[in-house]
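Student: I would like to learn how to read salt bridges in a model. Can we work through some cases?

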Amino acid sequence: MEAMPLFKTYKMGNFELSHRVVLAPLTRQRSYGNVPQPHAILYYSQRTTNGGLLITEATGVSETAQGYPETPGIWTKEHVEAWKPIVQAVHDKGGLFFCQLWHVGRVSTHELQPNGIAPISCTDKGCTPGLLGVDWAAPRRLSTEEIPQIIDDFRRAARNAIEAGFDGVEIHGANGYLIEQFMKDQVNDRTDEYGGTLEKRCRFALDIVKAVAEEIGADKVGIRISPFSDYMEAGDSNPEALSLYMAESLNKFGILYLHVIEPRMVMVENSYNYSSLPTRRAFKGTFISAGGYKRDDGNKAVDDNHSDLVSYGRLFLANPDLPKRFAIGAPLNKYDRDTFYTSDPVIGYTDYPFLDQDN
């Protein structure tokens with residue numbers, strides 16, 4: 001009997017995948033003091049399959065990258081050493097592991113910034129409401145001269161990720177964070193070479209991709225974008241053009257994959273009237289779709305050639321053996337939204353049961 005689409009093997013660049021169910025990046029806020037913790041060894045290894053792809057939770061590239069408490073970093077030697085046993089645990093089970101590199105930009109507060117400084121962004125326009133009902137702090141607009149330093153932070157973080165043992169990195173260009181703040185015309189009000197036209201707004205993202213690809217090799221680089229969304233008040237007046245321009249521009253660097261949060265997550269006048277298909281067709285590397293997929297529509301996305309791989313977040317969180325459950329059509333555990341972002345090292349983290357525990 002032929003394997004269902006999600007369980008057909010796939011060659012992603014130099015990597016051989018045994019199935020197409022990907023662990024999506026999921027913020028967990030259990031890295032105390034921004035240092036990855038030993039309990040993450042169990043968390044990630046639980047969700048590892050031989051030949052399966054996992055993407056880490058969003059991981060800060062610098063001191064100024066933080067926007068939430070207890071999120072991991074990869075800008076210091078201590079961070080690199082803390083990640084090593086976590087990566088090793090995934091590799092010991094035959095998994096592939098990519099580190100998602102993150103800078104929140106204006107989605108932060110003075111308390112989470114070094115010496116209480118203002119968060120940085122492409123703009124000085126703030127974003128509200130913020131964490132726990134408190135407004136995010138008003139950001140400081142980066143000068144043109146400061147931007148190369150931020151790009152270098154991503155480059156250095158990518159090098160650190162490879163030193164920690166990761167197979168590659170995913171640049172976080174989605175969800176209203178710093179890179180997307182530059183890309184979207186609702187946020188970016190610059191008049192220099194990083195603002196104004198679509199090409200100039202995308203320059204920051206593409207400069208980061210170029211720097212990271214040159215540092216660790218384009219065959220180890222992916223990027224995640226959410227062109228159709230308006231997370232954190234970061235919308236765009238022409239998301240189709242933005243999405244297509246990014247896909248075509250990324251081809252010049254030959255990066256490994258493009259990870260797109262689908263417009264199926266965005267309701268426009270009670271319908272989903274955007275499509276990522278032109279982007280999928282334009283991009284020459286591996287295409288990963290995200291956005292509330294379940295088993296059947298994930299299979300359909302692959303079978304219809306809408307995507308090569310499908311990433312799962314909440315379902316993979318609540319079902320550490322999600323690929324197995326999908327493969328045999330087993331029922332799924334329900335996720336508990338109340339424990340997504342607690343700091344507990346077990347509850348809502350490593351205590352979701354496997355199939356063989358459901359007695």
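Student: Is Asp152 buried, exposed or partly exposed?

Tutor: Buried means under 20% relative accessible area, exposed over 50%, and partly exposed in between (1.4 Å probe, protein chains only). Asp152 has 25% relative accessibility, so it counts as partly exposed. Arg156, at 24%, is partly exposed too. This is a predicted model: local features need pLDDT of at least 70, side-chain atom pairs count only at pLDDT 80 or more, and totals for chains, interfaces and linings use all residues. Residues are numbered from 1 along each chain as its sequence is written, and side-chain values use heavy atoms, with hydrogens and water left out.

Student: With which residue does Asp152 form a salt bridge?

Tutor: A salt bridge is a side-chain nitrogen of Lys or Arg within 4 Å of a carboxyl oxygen of Asp or Glu. Asp152 pairs with Arg156; their closest N and O atoms are 3.8 Å apart. Both sit in helix α3 (residues 147-164), four residues apart, about one turn of the helix. Helices (H or I, at least four residues) and strands (E, at least two) are DSSP runs, numbered from the N terminus.

Student: How many salt bridges does the structure hold?

Tutor: It holds 21. One of them joins Arg141 and Asp124, at 3.3 Å from N to O. That pair links distant parts of the chain: Arg141 is in strand β8 (residues 140-141), and Asp124 is in the loop between β7 (120-121) and β8, 17 residues apart.

Student: Are Asp308 and Arg280 buried or exposed?

Tutor: Both are buried. They form a salt bridge, with the closest N and O atoms 2.9 Å apart.
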